[in-house]
Amino acid sequence: MAESLDLPKNASRAEVYEALFPQVQALLAGETDWIANLANVVAALKEAFGFFWVGFYRVQEGQLVLGPFQGPIACTRIAFDRGVCGHAYRAGSAVIVPDVERFPGHIACSSLSKSEIVVPVRDSSGAIIAVLDVDSDRLNDFSEVDREGLEKILDLLKGVTL
Ligand code: SME
């Protein structure tokens, strides 16, 4: 395993996702411990993009429960019918929120969070086992580029036991 990420400077976000993918793939290769893998995925995303908050909520006992994350402290449990995370879980697909103040039911863990993307994580059987929540302190910070880049990275987690 490489000791640090090798990321292009002054590159577009799409280019950074492209450079990051094989490095995350290498990081996860041969490791089956889910905490280790989720922790390294959030660390890689934080380092690559400097997101304000990036972390996982795992599906546990009928709720979303905080998992490995990087950023300020966050709420630990989210009901399936609450917040952007619950919405993405129920929808079974990624949700991009350009302005969290305009999203009814958004859970404000930090008033600094302005926009976000939440992407479901599926296991090899297709069941949603977690969601990845990425928050930005800038409005309208996420696009289809992030959806594609993040979905591709999260696909690497298939087969990891949660
Ligand atoms: N933004 C989330 C809540 C979790 S935190 O922001 C870390 C939501 O509304 O689902």
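Okay, let's start at Ile107: one of its backbone N or O atoms lies 2.9 Å from an oxygen atom of the ligand. That's a polar contact, meaning a pair of N or O atoms within 3.5 Å. Before I go on, this is a predicted model, where local features need pLDDT of at least 70, side-chain atom pairs count only at pLDDT 80 or more, and totals for chains, interfaces and linings use all residues. Residues are numbered from 1 along each chain as its sequence is written, and side-chain values use heavy atoms, with hydrogens and water left out.

A polar backbone atom of Cys85 sits 2.7 Å from a ligand oxygen. With Asp135, an N or O atom of the side chain is 2.8 Å from an oxygen of the ligand. And how much of the ligand does the protein cover? It covers 99% of the 300 Å² of accessible area that the ligand has on its own, going by the Shrake-Rupley method with a 1.4 Å probe.

Now the shell. There are 13 residues around the ligand, and the closest are Val84, Cys85, Ile107, Glu116 and Asp135; being near here takes a heavy atom within 4 Å. By class, that's eight nonpolar, two polar and three charged residues. Which element gives the largest share of the shell? Helix H3 does, with three residues.

So much for the ligand; on to the cavity. Searching the whole structure turns up one cavity of 30 Å³ or more. By cavity I mean a set of points, on a 1 Å grid over the protein atoms alone, where a 1.4 Å probe fits but cannot get out; lining residues have an atom within 4 Å of a point. The largest cavity holds about 160 Å³ of space. Of its 19 lining residues, Ile107, Cys109, Glu116, Asp133 and Asp135 are the closest to its centre. The lining divides into 12 nonpolar, four polar and three charged residues. H3 turns up again, giving the largest share of this lining, three residues.

Technical notes. Polar contact = N/O pair within 3.5 Å; in protein donor to acceptor, adjacent residues only side chain to side chain. Helix = DSSP H or I, 4+ residues; strand = E, 2+ residues; numbered from the N terminus. Nonpolar A, V, L, I, M, F, W, Y, C, P; charged D, E, K, R; others polar. 1 Å grid on protein atoms, 1.4 Å probe; cavity = no way out; pocket = protein on both sides within 12 Å on 5 of 7 lines; lining within 4 Å. Points joined across faces, edges and corners; volume = space filled by probe spheres on them.
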